[in-house]
Structure formats: C-alpha cells, structure tokens
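Me: I am new to this structure and would like to go through a few of its residues. Please show it first.

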Amino acid sequence: MILEIKKYGDSVLETPCAKVTDFGSARLRTLVIDMFETMWANKGVGLAAPQVGELLQLTVIDTSSGEEPDERLVLINPEILSLEGQQLSEEGCLSIPGFREDVRRAMVAKVRAFNVEGKEFEVTGEELLARAFQHEIDHLNGILFLKHLSPLKRDLIRRKISKLVKAGEW
Ligand code: NI
C-alpha cells in the first residue's frame with residue numbers, strides 16, 4: 001500500500017523516533033513493504049518511518065530505485081559507527097519536494113543496524129549510499145537536510161514553503 005508522505009511543517013518530521021522492539025511482527029513487515037512501495041512510487045532512494053507518520057527508528061534504502069533487489073536495505077535502530085572523507089552533492093527529500101541543494105556529507109559511512117527479524121548486521125556505504133545512510137539516520141533523530149544548509153539558504157527555502165502553504169500548494 002502506498003502511504004501518504006508527510007511534508008515539511010509536520011511536527012512528526014522533527015521529532016526523535018523510538019527504538020523498534022516488535023521484531024518479526026506482522027505490523028513491522030507490513031510497514032517495511034509499504035515503505036518500499038511508497039519510496040519507489042515517489043522515485044526516492046531512501047525513506048524513513050517518520051516520513052509516513054511512524055515515529056520508529058526504521059528506514060528503507062534502495063539506491064537502484066527498485067531495479068536491483070540486492071540493493072534493498074532495511075535499517076532498524078541504526079547507529080553510525082564511523083564516517084570518513086567528504087563529498088558535496090545535491091540532495092533532496094521526499095518530504096521537501098521541489099527543493100534540492102548541495103549538502104556536505106561524509107564519503108564513507110559504516111552503520112550497525114538490525115533487520116526485520118532482529119538480526120544485527122553492519123554495512124558500509126560510499127558516495128550515494130553513504131549519503132542515504134546519513135540523510136535517513138538524520139530523519140530518525142528529527143533532523144532534515146535543511147539543517148545542513150547555511151542559515152541564509154535555509155530561510156530562503158522556508159519562506160518559499162510558507163508561500164506555498166498560504167497558496168494551498170503544499
Ligand atoms: Ni528525506
């Protein structure tokens with residue numbers, strides 16, 4: 001089922017998420033399937049649970065946008081173990097549609113997380129995958145990519161969004 005994506009301005013996007021505890025449950029499995037469907041339908045490469053209104057430390061990532069089953073990743077209660085290097089590239093967010101900005105991120109990110117069954121694993125990402133790890137784990141802490149922009153750029157985007165809200169277009 002394709003879920004509604006919460007947009008910037010919804011407080012659920014700026015609230016830290018609780019740890020998942022019901023590993024292996026039907027509810028968790030269904031949520032993961034629905035999140036993948038929702039992400040692919042919106043042509044995203046990552047989606048965090050708060051973006052669909054669930055304050056849980058859960059994110060799905062697929063940098064192939066549905067093309068490569070091997071690239072599907074579910075990160076539950078994830079933790080960044082190490083960050084190395086730097087990259088500067090354009091970043092967007094399904095909760096802030098229409099706005100893309102250069103964001104500085106680490107080039108390599110190593111993460112520890114749990115899968116749907118509650119099995120712990122570690123995964124290392126580079127470039128886009130490392131960017132997705134950092135962006136999505138930020139979401140689980142209530143942080144949006146706007147936080148990584150200069151105050152000037154951030155305020156400009158906020159003002160544009162306020163206008164869209166007033167116009168009923170957000
Ligand atoms: Ni996002």
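Me: Is Lys160 buried, partly exposed or exposed?
Reply: This is a predicted model, in which local features need pLDDT of at least 70, side-chain atom pairs count only at pLDDT 80 or more, and totals for chains, interfaces and linings use all residues. Residues are numbered from 1 along each chain as its sequence is written, and side-chain values use heavy atoms, leaving out hydrogens and water. Buried means under 20% relative accessible area, exposed over 50%, and partly exposed in between (1.4 Å probe, protein chains only). Lys160 has 44% relative accessibility, so Lys160 is partly exposed.

Me: Which helix holds Lys160?
Reply: Helices are DSSP runs (H or I, at least four residues), numbered from the N terminus. The run that contains Lys160 covers residues 151-166 and is helix α3.

Me: Is Arg154 buried or exposed?
Reply: Arg154 is also found in helix α3. Its relative accessibility is 17%. The limit for buried is under 20%, so Arg154 counts as buried.

Me: Which residues does Arg154 touch, not counting residues up to four places away in sequence?
Reply: Contact means heavy atoms within 4.5 Å. With residues up to four places away in sequence not counted, Arg154 touches Leu146, Lys147 and Leu149.

Me: How far apart in space are Arg154 and Glu101, C-alpha to C-alpha?
Reply: In sequence, Arg154 and Glu101 are 53 residues apart. From C-alpha to C-alpha, the distance in space is 9.9 Å.

Me: Where is Glu68 found?
Reply: Glu68 is partly exposed, because its relative accessible area is 41%. Strands are DSSP runs of E, at least two residues long. Glu68 lies in the loop between β2 (58-61) and β3 (73-84).
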